[in-house]
Amino acid sequence: MHILRGHRGLLKCLSSYSVRHSNKYLKNGCYMSAFNQKQTENKVGGIQFSTSSDQNFYRRFYSPLLIGACAVSCGIALWCMKKDHVYADQPKDAAGDEIHGLPEYTADDIAKHDSIEKRIWVCYKTGVYDITDFIPKHPGGEKILMAAGASLEPFWELFGVHKSAQVLKMLEEYRIGNLRLEDRSLDNQTSDPFAADPRRHPILEARSKKPFNAEPPPDLLVENFLTPNEVFFVRNHLPVPNVDIEEYELEICGRGIEPITLKLDDIKTKFKKHTVTSTIQCAGNRRSELNTVKEVKGLNWGSAAISNAEWSGALLYDVLKYAGIDFDDQKIQHIQFEGLDTDPANMPYGASIPAMKAFNPQNDVLLAYEMNGKELPKDHGFPIRVVVPGVVGARNVKWLGKIIVSEEESESHWQKNDYKGFSPSTNWDNVDFTKAPAIQELPVNSAICKPSENTKVKLQDNCLKVEGYAWSGGGRKIVRVDISVDGGKTWHIADLIQDSSPLYRCWAWTIWKVSVPVDASSKSELQIICKAIDSSYNVQPDSFPPIWNLRGVLGNAWHKITVQIQK
Ligand SMILES: Nc1nc2c(c(=O)[nH]1)N[C@H]1C(S)=C(S)[C@@H](COP(=O)(O)O)O[C@H]1N2
Ligand SMILES: [Mo]
């Protein structure tokens, strides 16, 4: 309990969200409920949760979160400690296995070691570890102090990357014993936080399975102006929350607003239904091409982390008006959003957009409950997601739980410490995330979707049919797409398939098609290049090296593919 007491401040900040949502999670939460159940039925880390005193209330609700927070911190910290190891090379699977001759400890023993004075112990599978000496090296500071007396395992399930051979090897350096047999089964019972994730169409090519991130084959994208829901790319940072619609409430609060909550039905009936076709593109789309210049951190997206759908819902403008916002209040600069998906420390996914985006109803910022005329699918934010036309995917918050009207940007990791652009010379040692603004509107981009890279193509009447997409942020319509098959010396102008929106309020992508004459007599291989121009006459840069950045975002250089000509 001393740990909880010693960290009331942190507890408070972790809890502000979970107090409101803890019941919901107990009922519907796909993973927290599993943890809580386990606690009420069993001992976790040797603590019996049987009474309902205030203290126990805190323990019941926060222990797993706190342990989670520190388990993850430990993982990250161990991961970051890139020192050389003297520890004998052992296969990944051996970490946490019983080591004969080491002392045996009970779950109770481990639970007692929950402060620096008493030393900090954790367990992983059968392994018991004293990580006290690691604490001074921990980049996350004293957060790690909360890593008292429990298994790291359930939390590492959430962030598979920490379960790498390297991290497990580092952990083994702090090994002090084995966990008693009777207590092992309990610690091995890891509930899969992703168990409630929806089924996905096998056509989606996964870039990571847990959390689920996937893109369709590019040639499917150009088959339809609207991407079918099952084919639409998926970008999840966390497990998909299981939202019970009976319980669902959207909270709206912040500067000058008397907080209100709206049920899904309220959002559907109190406001005019508004429909808009908008493309969503991840900032990391085409990251794999940046990765070939120099290694970047992030999911290795191809060119299909982008899709286009028709969204229906209430205008955020109408909802803010209903909530009583003062549109003339100059101090309101940002509209923050929080998702119902949470990390092991119970922090929600979050992001914000400049208030002026929402304050102009013509920007069509939506609280969407339908996608292509169907109920919003689970993967895409059921029951409500924000659609911010022309703005990077990351701000289109899914599973919307809360809207905060604010003077400040969202404090979320994904707003402040991610999704920003840097110079090609900025590296992980000198990067300062406070120095770059959060990405909002995306630059002009395009890609060739058909033919597919490295396939055999057949010419028709000495011509090759090429198809792809083009899109620009901020409502800037695509005005031209140029294709070259001679390295950029000469260009062919593609036919554009677009909606009828005006030049400066176009949220949907452009599908383009062109038939290019090819002189096949001399060559068997052909490079195809595309570049797009938007209504501000922005054009894509010709190569990746000058726009390379350590996170691999904003990759929008000319798209180039190579195909073989079938003779
Ligand atoms: N709540 C929540 N919203 C989220 C995310 C998330 O992980 N959680 N991912 C964001 C990112 S980075 C992108 S690119 C888009 C992807 O939307 P999609 O999965 O519907 O394609 O959702 C955004 N909204
Ligand atoms: Mo994204």
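Asn549 touches Gly421, Phe422, Pro424 and Leu554, leaving aside residues up to four places away in sequence; here two residues are in contact if their C-beta atoms, placed from the backbone, lie within 7 Å. This is a predicted model, in which local features need pLDDT of at least 70 and side-chain atom pairs count only at pLDDT 80 or more, while totals for chains, interfaces and linings use all residues. Residues are numbered from 1 along each chain as its sequence is written, and chains are lettered from A and ligands numbered from 1 in the order in which they are written.

Asn549 lies in the loop between strand E26 (525-534) and strand E27 (559-566). Helices (H or I, at least four residues) and strands (E, at least two) are DSSP runs, numbered from the N terminus. Although Asn549 and Gly421 are 128 residues apart along the chain, their C-alpha atoms are separated by 6.5 Å. Asn549 is buried, because 20 other C-beta atoms lie within 10 Å; the term requires 20 or more such atoms within 10 Å of the residue's own, whereas 12 or fewer make a residue exposed and counts in between make it partly exposed, with C-beta atoms placed from the backbone.

Strand E15 (residues 366-371) has five of its six residues buried, so it is largely enclosed by the rest of the structure. Strands of a sheet pair through backbone hydrogen bonds, either parallel or antiparallel. Two strands count as paired if DSSP finds at least two bridges between them. Strand E12 (residues 306-315) runs antiparallel to E15 and is joined to it by five bridges, with Ala314 opposite Leu367. E15 also pairs with E17 in the antiparallel sense over three bridges, where Leu366 faces Val387. A further antiparallel pairing, over two bridges, links E15 to strand E16 (residues 374-375). In the hairpin of E15 and E16, two residues lie between the strands, and Asn372 takes a positive phi near 50°.

Elsewhere, five strands form an open sheet of mixed pairing, in the order E1-E5-E4-E3-E2. Strand E1 (104-105) and strand E2 (114-115) stand at the edges with a single partner strand each, so one side of each is left without a neighbour in the sheet. E1 pairs with strand E5 (residues 175-179) in the parallel sense over two bridges.

Finally, confidence is expressed by pLDDT, given for each residue from 0 to 100. The chain has a mean pLDDT of 83, and 78% of its residues reach 70 or more. Over residues 1-92, however, the pLDDT is below 50.

Notes:
pLDDT = per-residue confidence, 0-100.
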